[in-house]
Amino acid sequence: RMIHYKCRQGFYPSSNVKRFEVPENKVAWYIEYSEYKPIEYTAPNIKTKPWADPDIGEISFKPNWNTIDGNVNRKSFTSDYVINKNGYPLNPIGRTGIIGRGLLGRWGPNHAADPIVTRWKQDITDVAEVNKDTKKPILQFVAIQRQDSGEWAIPGGMVDPGETISATLKREFMEEAMNSLKKNETEREKLEKSMRKFFEQGEEIYKGYVDDPRNTDNAWMETVALNFHDQNNSVVGNIKLVAGDDARNVKWMDIDRNLNLYANHSEFIKKTAEKLDAHW
Ligand code: RP5
Ligand code: MG
Ligand code: MG
C-alpha cells in the first residue's frame, strides 16, 4: 500500500494554512480518526482561472467522476476514487490534513506528465564516467529548479484538456528546459522538429499517484513518467538548456541515491537508473 509524506507536512505551499496533523497510522480513510478536523483551503486566485474547475455545488458544474469527462481525464490510475456524501472526491491514498483544492485546478485527479531525459556522464575526453564503488556508469538527467518551491525536479507539467501524454511530455520539456515559450513560431517549430524523433522513443517508468506537496483530501496529482535516453550523447547531449516558464534553473544532474527532489521524483529517477543499469 502506498503512503504519502510530502502532502502531510506543516504548512500548505504558498499559504499560512497549517495542515491538520495526520500520523502515519491515520492516513487511510478506513481507519477511524474522529478528532480529524482539517481546514478548508482553496487558493483565492485559483477560482478565477479559466483552466480551473468551478466549485463543487455550483449548478453549472456537473463533473463525471472516474471517467474521461469530455476533454478532461477524471479517471485515476489508482482505482475508482470515492465521492463523499457532500459530493467531494476523496484522495485515494488518504488524509492530507487539508480539504478543498489548495493550489490545484481540478477536483479529484490532476493529470501531469514527466519527461525523464537522460544521458551518460562523460569526462572532458568523452569517456564515460564510472563510479568507483559500484563500478557502474553515472547517468545524468535534465533537472529544473522549480519557481514555486525552489526544489529540483523533473521538468513535468499538466496535461492540457484534450492533449495527448506524448505531446505534453515534449511540450513541457521544451518550455521548461529549452525556454520555447520565448521563441517565435518559426523557431519553435524548428525546435519541435529537431526533438520529434527523440521524443518518439520513450519508455514508461511510472504511472500513478504523485506525493506532491499541493495535494489535498479532495485534489491530487497523478502522472505518467517516461524515460527518453540519449545513448550516444548525439541528440539532447548537445542541446542548449535554457530555463523557461515555471523553471528558474536547468542543468544536467548526476544521478545517485542522495538525490533530494520535489515530490517523489527521486523514486522515478531511481527506477530509471535501475532500468539502464546505472550507478545509484
Ligand atoms: C508533479 O507536478 C508532477 O510530477 C509534475 O512534475 C508537476 C506538474 O505540475 P507543474 O509543474 O505544472 O506545477 O506532481
Ligand atoms: Mg510547465
Ligand atoms: Mg512544471
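Which helices and strands each supply at least two residues of the lining of the largest pocket? The structure examined is a predicted model, in which local features need pLDDT of at least 70, side-chain atom pairs count only at pLDDT 80 or more, and totals for chains, interfaces and linings use all residues. Residues are numbered from 1 along each chain as its sequence is written, and side-chain values use heavy atoms, without hydrogens or water.

The protein chain contains 3 helices and 11 strands, assigned as DSSP runs (helices H or I, at least four residues; strands E, at least two) and numbered from the N terminus. Along the sequence, their order is β-β-β-β-β-β-β-β-α-α-β-β-β-α. The C-alpha atoms occupy a box of roughly 65 × 45 × 30 Å along the principal axes. Of the 280 residues, 51% are buried, that is, under 20% relative accessible area with a 1.4 Å probe, protein chains only.

The largest pocket holds about 1,100 Å³ of space. A pocket is an open set of points on a 1 Å grid over the protein atoms alone, where a 1.4 Å probe fits, with protein on both sides within 12 Å along at least five of seven lines; lining residues have an atom within 4 Å of a point. The volume is the space filled by probe spheres set on the points, which are joined across faces, edges and corners. The elements that each supply at least two lining residues are β3 (72-73), β5 (108-120), β8 (157-158), α1 (165-178) and β10 (219-230). Among the 45 lining residues, His111, Gly157, Met158, Val159 and Met221 lie nearest the centre of this pocket.

Methods
Chains lettered and ligands numbered in written order. Buried < 20%, exposed > 50% of the residue type's maximum accessible area, 1.4 Å probe, protein only.
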